Amino acid sequence: MAAGLARLGDLAHSPVVAALAAAFAEAGRDLAVVGGPVRDALLGRDTHDLDFTTDAQPDEILRIVTPISSTQWDIGRAFGTIGARVRGEQVEITTYRSDAYDGTTRKPAVEFGDSLEGDLTRRDFTVNAMALRVPSVQLVDPTGGVEDLLAGSLRTPIDAAVSFGDDPLRMLRAARFAAQLGFDLDEATRDAIAELRGTLSIVSAERIQSELIRTLQTDDPVRGIRVMVDTGLADEFLPEVAALRLEVDEHHHHKDVYEHSLTVLTQAIDLEKERHPGADPDVPLRMAALLHDIGKPRTRKLEQGGAVTFHHHDVVGSRMAKKRLQALKFDTATTGSVTKLIELHLRFFGYAEGAWTDSAVRRYVRDAGAELERLHILTRADVTTRNKRKARRLAAAYDDIENRITQLREQEEVDAIRPDLDGNEIQRILDIAPGPAVGKAYKFLLELRLDEGPLGAHEAEARLLAWWREQD
C-alpha cells in the first residue's frame, strides 16, 4: 500500500490534475480526484477517465475551467457536472451531491451537498468512495475503502439493502467490479442482491446491456457471471444462462453445461488474446461463447439406455439468443453475429469425423461469412474434454481445416465466392428478362462453383445451357 500512496502523489502532480488544482485553489474552492482513478492508483492500475468533485456550483466550475481548457460542455449541468478538455484529456467535475431517491425509479432528485465526506458516502462501493484532495495530496476515505482494497472485498458504504434499493443498477455493477478487480462480495452485499434482485425491473434494458457488456470486456468475466447467477440476479435479465445449471444430473449422463459454458468463455478469451494481441475485447465472440449452449435445456431428451441428447440445440439456441439480445436492446450487428455463431458452432465437428471435400470447406466459409475468425475461436474453445487424446485430435483437425481454408483463399478467393457468370450474363446467354428464372440460374451456378471450384466463363456457359434445356 506504501507504493499505492506514492502513486497518489504521482496522480496529484500529473499535468492535468495539477492545472485544475491550481485553478480551483486560486478561486478559493476545494477540489478532489474521486472514485476510479484513486482506487486504480492505489492498486497500481492505469488510470483513465479523471473525475473530480468540488464545493463549487456548476456555473462557477465552468468559469474556473474555461481559461485552462480547450473545450467545455455542460450537458450534465442539471446533475452538477461540467465536462472539459484540459491539456488534451477529458475530465468531468461535479458539485458535491447528496441525492434522494424515491424508490420507484433509479433517477434521484438531485441535491447538492456541502461536504466531500457526504458526497463519498452516497457512492456505490467503498473502494469507489475514496477521494484525493488536491493540491494538498490528502486521501479521504470515510467508509474504509482502503481496508476493503487490501481485503479484496466489495462492500457498500451504507446498508446494502438501502444502497441497492436506491439504485438497483448497483447490483449489476457489483458483478462487474468483481470481474474487473478480481474481488469478492461481502456477505451483506451478496445477501442484499439476492433479496432485492427483482427491483432490477425499474432499470432500463439499455443500462443493463451496458453493464453486461462492460462485464464481458473484463479479463475475467466468469467471476462476474458467477455473481449474477449465484445471487439470482441473472434470472431477471439473462435467465437462459442460469437455466444451464439445471442440466447437471446425478447419473452424470452428460457434462455440466453451465460450467462447460463458463470454461468455453474463458478459453475463447485466451484464444482471442493469443490470436489478436492488443485488440479490444471481442464482445460478440464472448457473448456467443457464454450463450452457445442455451438451447440445451429445451432440447434435452433422455434416450433408451440412459444417453442424453440435445438435437438441434444449435438452431434453438440461436433463436433464443436473438430474442434475448433484442430484449436487451443490443444492436442488429451484434445480435446477428452472436446468433450466427451459435447456429454454426457445431458445424465443424463433422469435419473431425472425416475429411471434408473442398466443396464442404467452401460452404463452411460461405456460411460463416464475416464471422469466420470468431467461429474458428469459438469452435476451438468449445473443446473442454479431459480426454487429452481426443482434445489433440480435435485441435489437429481444426488446424487442418484452417490450413485448407488458407490454401483455398490463395487459389480462388474463397471469401468472395460467386458464380462464374453474373446476372447480366445469365440473361444474355439464356435470352431472358430479369425475374425468378435468373435467380434460379444464378443459384445453380453458385452450387456448381461451391462443388467444383472455378469453372471459367466458357465451361460455365456450356453447363448453364445444358441445365436450362432440362428445365420445364
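Two strands are taken to pair if DSSP finds at least two bridges between them. Helices (H or I, at least four residues) and strands (E, at least two) are DSSP runs, numbered from the N terminus. The structure is a predicted model, in which local features need pLDDT of at least 70, side-chain atom pairs count only at pLDDT 80 or more, and totals for chains, interfaces and linings use all residues. Residues are numbered from 1 along each chain as its sequence is written, and side-chain values use heavy atoms, with hydrogens and water left out.

Strand 2 (residues 50-54) pairs with strand 5 (residues 89-95) in the parallel sense, over five bridges. Within strand 5, V91 is the residue opposite L50. An open sheet of seven strands shows mixed pairing and the order 3-4-5-2-1-6-7. Strand 3 (71-73) and strand 7 (138-140) are at the edges with a single partner strand each, so one side of each has no neighbour in the sheet. On average, neighbouring strands of this sheet are turned by 30 degrees against each other, direction ignored.

Helix 11 (residues 221-230) packs with helix 13 (residues 257-275) at an angle of about 155 degrees, and their axes are 10 Å apart. Axes are lines fitted to C-alpha atoms, for helices over the stretch in contact, and angles run from 0 to 180 degrees between N-to-C directions. Helix 11 and helix 13 are therefore roughly antiparallel to each other, a term for angles over 145 degrees, while those under 35 count as roughly parallel, 65 to 115 as roughly perpendicular and the rest as oblique. In contact (heavy atoms within 4.5 Å), P221, V222, I225, R226 and V229 of helix 11 meet residues of helix 13 including Y258, E259 and L262.
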